[in-house]
Amino acid sequence: GMGGCVVSTLIGALWCRKRCDAAELAGEFAYFPPSPSSYMVSRALDGQLVCTLNSVYFQARHAISLTRTQAQVFELRSASGAFLPAFYFRHADAKLTLLFSHSNAVDCGFLYRFFDELSNRLRVNVFAYEFTGYGPTMPTSAPRNHSQRHDVDAAYDFLCERKLDPAQQVIAYGQSIGSYPTLYLAAKRRLLGTVVHSPIAAGLQVITRTDGCCAPHRVFACLEPYPNLRLVKQLRDPLLIIHGTADETVSVGHGQRLAAACAPEARYEPYWVQSATHEDVIEVDEREYFARLGRFFEHCEAKRRAERRAEVPPDVEAARSRDALVDDRNALLDRKWDMRPVTEAAPPGALPAQRSDLRSDLQSSTGAGAACDAGLQPVSEPETPHGCLPPSAALA
């Protein structure tokens, strides 16, 4: 309609003003870092980085001390040259790590307690990094869509340097504008899974909801700063989409379009949160939110286990089964020999007879060589199997 034509014309004028730089144009509309930052990072006497929350936003002077987990603070260097604070929340029982890309108009300090809760409720590690232009880095650099790609690459590389296997242990989580770097990473790397929370299907579709021929997302499709609809078609690992049905900032239609476009091998039942807006997806039903995430994590692990089993050649699997069978029989043999205490008297002839029976069982099931493999010698020989009681000790 006419609204779409007007908006497209304005975008065209701004694009020319930005010297036809799509990244600069996106920066005018998409990024709203909090000012001042919600936290500061300093270096302690021992060289460790320390996070301090800004009292402008937090009334409790020692708010961080109220959390159950003290996050480790690191500094990443992105390909753009920016230094990015990152927070690593570790859980003692964690098998998985969430790589978290936050939403717009917040930084990691605002989400510190949420990361702590996420780690403890789901028993996972949470690694949250800052975007270029957000947090304490804000005064020295400006956020751009290409810098988001560099930022998430730096976070991914950090986890790999810590000996994590992303395909087995890392689930990427992106909220709102953080859905772009998350899907960008998931499209080019193997991860255990991906979660997008109130995601954007296309950035230009957020500006106007019109869908006519002159709508911005049609006129400037080649300039789309957040091509999530294209990226989601390239996923190979499970994708969970979470979106509120009453979201007026990024309508639920964005999540629905991503679900429809998702590659078949990555599809998983979306979580449409009834009556939830852009800001309260978790608060509407907190218990269900955590339950859904838990079930999704289990699904991702089960899918990866099935893939690993399918990759094992049949002959290797058969050999493993035979070896396991022999090991089980040897273990059973050792347990039978150890059942009789040394001080217990056995009837004359009982021990050799038991020994002979076990030898016969092994020979009938694994062949004549199995008894020797198990460490048994013929009854008439004086040698004693390793770990077994000698006849003289048992009959004493």
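Tutor: Buried means under 20% relative accessible area, exposed over 50%, and partly exposed in between, with a 1.4 Å probe and protein chains only. This is a predicted model, in which local features need pLDDT of at least 70, side-chain atom pairs count only at pLDDT 80 or more, and totals for chains, interfaces and linings use all residues. Residues are numbered from 1 along each chain as its sequence is written, and side-chain values use heavy atoms, with hydrogens and water left out.

Student: Is histidine 91 buried or exposed?
Tutor: Histidine 91 sits in the loop between S4 and strand S5 (97-101); strands (E, at least two residues) and helices (H or I, at least four) are DSSP runs, numbered from the N terminus. Its contacts, meaning heavy atoms within 4.5 Å, include Ser119, Arg123 and Asn125, leaving aside neighbours within four places in sequence. Because its relative accessibility is 16%, histidine 91 counts as buried.

Student: Which side chain does the side chain of histidine 197 join in a polar contact?
Tutor: Histidine 197 is in strand S8 (residues 193-197) and is buried, at a relative accessible area of 1%. A polar contact is a pair of N or O atoms within 3.5 Å; within protein, one must be able to donate a hydrogen and the other to accept it, and residues adjacent in sequence count only if both atoms are side-chain atoms. At 2.7 Å, the partner of histidine 197 is tyrosine 173.

Student: The side chain of tyrosine 134 reaches which backbone nitrogen?
Tutor: Tyrosine 134 lies in the loop between S6 and H4 and is buried, at 0% relative accessibility. The C-alpha atoms of tyrosine 134 and proline 34 are 7.3 Å apart in space, although the two are 100 residues apart in sequence. The backbone nitrogen reached, at 3.3 Å, is that of phenylalanine 32.

Student: How many residues are in the largest nonpolar core?
Tutor: A nonpolar core is a set of buried Ala, Val, Leu, Ile, Met, Phe, Trp, Tyr and Cys residues joined through side-chain atoms within 4.5 Å. Leu76, Leu99 and Phe127 are among those with the most contacts inside the largest one. Elements that each supply at least two residues include strand S3 (72-77), helix H4 (145-161) and helix H10 (252-261).

Student: How far apart are the closest N and O atoms of aspartate 153 and lysine 188?
Tutor: Side chains of opposite charge can pair when their charged atoms come close. A salt bridge is a side-chain nitrogen of Lys or Arg within 4 Å of a carboxyl oxygen of Asp or Glu. Aspartate 153 and lysine 188 form one, linking helix H4 to helix H6 across 35 residues. Their closest N and O atoms are apart by 3.2 Å.
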